[in-house]
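Please walk me through this structure, taking the paired strands, the charged contacts and the surface in turn.

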Amino acid sequence: MKALKSLFLLAAFFLILPSGYSQQANPNAPQMTFNTTVHNFGNIKIGGNGTCEFPFRNDGKEPLILIKVQSSCGCTIPEYPKRPILPAQSDVIKVKYDTQRQGPFSKTITIITNAMSSPIVLKISGTVVPLPILPEK
């Protein structure tokens, strides 16, 4: 019984301990700021241009590092800067969707950074439509 009481007190201690510890936010941390995180292509013809850009800026006081940029599937390819983005500098994440796949699409690109707002999710959507059939002459 005494061992059970000790075990209970030890468990309670470890459950209460984290609530007393709060991580302080770094006031100098990088801040990845986008004008928009959503792009709707609307209707795109099959084989058409499925490329868009998401400009961003580091509004923090420390360099912004993009650790990982990953799309929700292999039909969407992100291209992003591999170098640190210094404070007040801007850059762009380019996204290319494979327009050989006909029909509606909705994809996400997840960005992991050293910013406090990480992760950030970008979204693209649209519909790939077939080329019109031209009448024979």
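How many salt bridges does a search of the whole structure find? The search finds three, where a salt bridge is a side-chain nitrogen of Lys or Arg within 4 Å of a carboxyl oxygen of Asp or Glu. Before turning to them, note that this is a predicted model, in which local features need pLDDT of at least 70 and side-chain atom pairs count only at pLDDT 80 or more, while totals for chains, interfaces and linings use all residues. Residues are numbered from 1 along each chain as its sequence is written, and side-chain values use heavy atoms, with hydrogens and water left out.

In one of these salt bridges, D59 joins R57, and the closest N and O atoms lie 2.6 Å apart. D59 counts as partly exposed because its relative accessibility is 41%, the scale being buried under 20% relative accessible area, exposed over 50% and partly exposed in between, with a 1.4 Å probe and protein chains only. R57 is likewise partly exposed, at 36%. Another salt bridge brings together the side chains of D91 and R83, at 2.7 Å from N to O, and R83 is partly exposed with a relative accessibility of 43%. In a further salt bridge, R101 meets D98 at 3.4 Å, N to O; here R101 is partly exposed at 44%, and D98 is partly exposed at 30%.

The strands come next; they are DSSP runs of E with at least two residues, numbered from the N terminus, and two strands pair if DSSP finds at least two bridges between them. Strand β7 (residues 103-113) pairs with β8 in the antiparallel sense over nine bridges, and within this pairing I111 has I120 in β8 as its bridge partner. The two strands, β7 and β8, form a hairpin that has six residues between them. Strand β8 (residues 120-129) is also joined to strand β2 (residues 38-45), this time by six bridges and in parallel, with K45 standing opposite V129 of β8.

Methods: Helix = DSSP H or I, 4+ residues; strand = E, 2+ residues; numbered from the N terminus.
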